[in-house]
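Subject: Structure handover

Hello,

Here is the structure I said I would pass on. The model comes first, and my notes on it follow.

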Amino acid sequence: MTQRIDKAFIAEENAKLAGFLKEDYEALGNQLARDDINIEDITAKAEQFQIAVPSWGTGTGGTRFARFPGEGEPRNIWEKLEDSAVINDLSQCTERVSPHFPWDKVDDFTELKQTSDSLNLKWDSINSNTFQDQPGQAHSFKYGSLSNTRAESRDLAIQHNLDCIEWGKALGSKTLTVWVGDGSNHPGQQHFQSAFERYLDSMKQIYAGLPSDWELHIEHKMFEPAFYSTIIQDWGSNILAAMELGPQAKSLVDLGHHAPNVNIEMIVSRLIQFKKLGGFHFNDSKYGDDDLDSGSLHPYQQFLIFNELVDAQYRNQEGFGPNYMLDQSHNVTDPIESLMNSAASVQRSYVAALIVDRKKLSGYQQDNDALMASNTLKKAFTTDVSPILEMARFNRGGAIDPIAVYRASGYRAQAGRERPNSGGNGSGIV
Ligand SMILES: [Mn+2]
């Protein structure tokens, strides 16, 4: 097993930066105090923030053209857990891993749970996979899974999701996320209503197998692999399905799964209002489902989404408690570095949203003072909250500068020596 990064090494590296952090933290604390914000309160909340890492994100991603494997890629779920542990040890906000089945399927789930426990990791939402055929599969998903016209294919897809629930129970998960590639590529290929009825009928059978303390998250996506229509195309189809299924069914928002320029933060608000926001897949994009690193292109959009989330928290909105997860594809960076960077980027949006003056904002909204309302958000967004993020990590025993410590540790080179023959490992192209 690859050695994790030693705690003493993290402390040694932190010692080089602790003096600067103290100065920066004090300066920011004084700045926030002018607006009656206690920096310690914000830091305490930052320390509680958690975002899950996708197991498949620890390997190099790819496109439909090619995949360029990286050095020392994890070859199985055990090695994905090792990398996830490194990410969490340094970042201190990624204690949960979201698995994808059957890619991460093992013979002994008790052993897998024991391993994750030993690495201080927990399990987030279980992701089922009915968007590809497995070797030797009796009935194909070529023309859809849960909405397939043939009952044999639908039954296979339903059973796989029920299996995922059983595996998830063994791991201590409480959520099943269902995304299907079902749809059509030609006008007329599919009868829209009949296909949606078949999908709902299948989902009802999965919902019936859900333990009472679990949630079923439905993920929408407007295109790909079906390019004319998809069964759960948008948040409208998504919430309709969730409402049809029942209170344990909620909608999941993947930032890259919308039409260009859609106002995602408003969708988030609507889903919160009707107790249907289940969770997020964070990533960023310029054109479509690019799966770029979170906050790399549209940090303000990410902040505006968190503005809605923190607002719901602030108002103690009933039924609010979404799962946060990264869902990215790392093609040209070290996945461990990208995941640490992205987790911190999402955490930054959360912290910035915490320092929005909500009383003032509400007053400006009531008075229709558009400029000052907008400036109130901008003021929080443009405040550099880096010292809070660094202090939160430092207080929890993580790294003040995770990327620098990771690079200094030589972990990747060591993984390269210990994990030869990287190849088809179920990473990336999702
Ligand atoms: Mn996703």
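A word on contacts before the notes: two residues are in contact here if their C-beta atoms, placed from the backbone, lie within 7 Å. By that criterion, Leu 200, Met 203, Lys 204 and Tyr 207 of helix α6 meet Ala 241, Glu 244 and Leu 245 of helix α7. Sorted by class, the residues of this contact are five nonpolar, no polar and two charged. Please keep in mind that this is a predicted model.

The geometry of that pair is as follows. Helix α6 covers residues 192-208 and helix α7 residues 235-245; their axes come within 10 Å and cross at roughly 50 degrees. The two helices are therefore oblique to each other. The crossing of α6 and α7 is right-handed.

Overall, the chain has 15 helices and 12 strands. Its radius of gyration is 22 Å, close to the 22 Å that the globule rule gives for 430 residues, so the chain is as compact as a globular protein of that length. Taken along the principal axes, the box filled by the C-alpha atoms is roughly 65 × 60 × 40 Å.

Sheets

Opposite Glu 219 stands Leu 252 of β10.

Another open sheet has three strands, again with parallel pairing, in the order β1-β2-β4. Here β1 (53-54) and β4 (122-123) are the edge strands; each has a single partner strand, so one side of each is left without a neighbour in the sheet. Strand β2 (residues 96-98) runs parallel to β4, and two bridges join them. Arg 96 has Lys 122 in β4 as its bridge partner.

The crossing is right-handed. On the α4 side the contact is made by Phe 109, Thr 110, Leu 112 and Lys 113, and on the α5 side by Trp 167, Ala 170 and Leu 171. By class, this contact has five nonpolar, one polar and one charged residues.

Helices α9 and α10

For helix α9 (residues 299-314) and helix α10 (residues 335-354), the axes come within 8 Å and cross at roughly 55 degrees. These helices are therefore oblique to each other, and their crossing is right-handed. From α9, the contact takes in Gln 302, Phe 303, Phe 306, Asn 307, Leu 309 and Val 310; from α10, Val 346, Ser 349, Tyr 350, Ala 352, Ala 353 and Leu 354. The residues of the contact divide into nine nonpolar, three polar and no charged.

Regards

How values were computed
Residues are numbered from 1 along each chain as its sequence is written. This is a predicted model: local features need pLDDT of at least 70, side-chain atom pairs count only at pLDDT 80 or more; totals for chains, interfaces and linings use all residues. Two strands pair if DSSP finds at least two bridges between them. Helices (H or I, at least four residues) and strands (E, at least two) are DSSP runs, numbered from the N terminus. A crossing is left-handed if the near helix is turned anticlockwise from the far one by less than a right angle, and right-handed if clockwise. Ala, Val, Leu, Ile, Met, Phe, Trp, Tyr, Cys and Pro count as nonpolar, Asp, Glu, Lys and Arg as charged, and the others, Gly among them, as polar. Axes are lines fitted to C-alpha atoms, for helices over the stretch in contact, and angles run from 0 to 180 degrees between N-to-C directions. Angles under 35 degrees count as roughly parallel, over 145 as roughly antiparallel, 65 to 115 as roughly perpendicular and the rest as oblique. The radius of gyration is taken over C-alpha atoms; the globule rule is 2.2 Å times the number of residues to the power 0.38.
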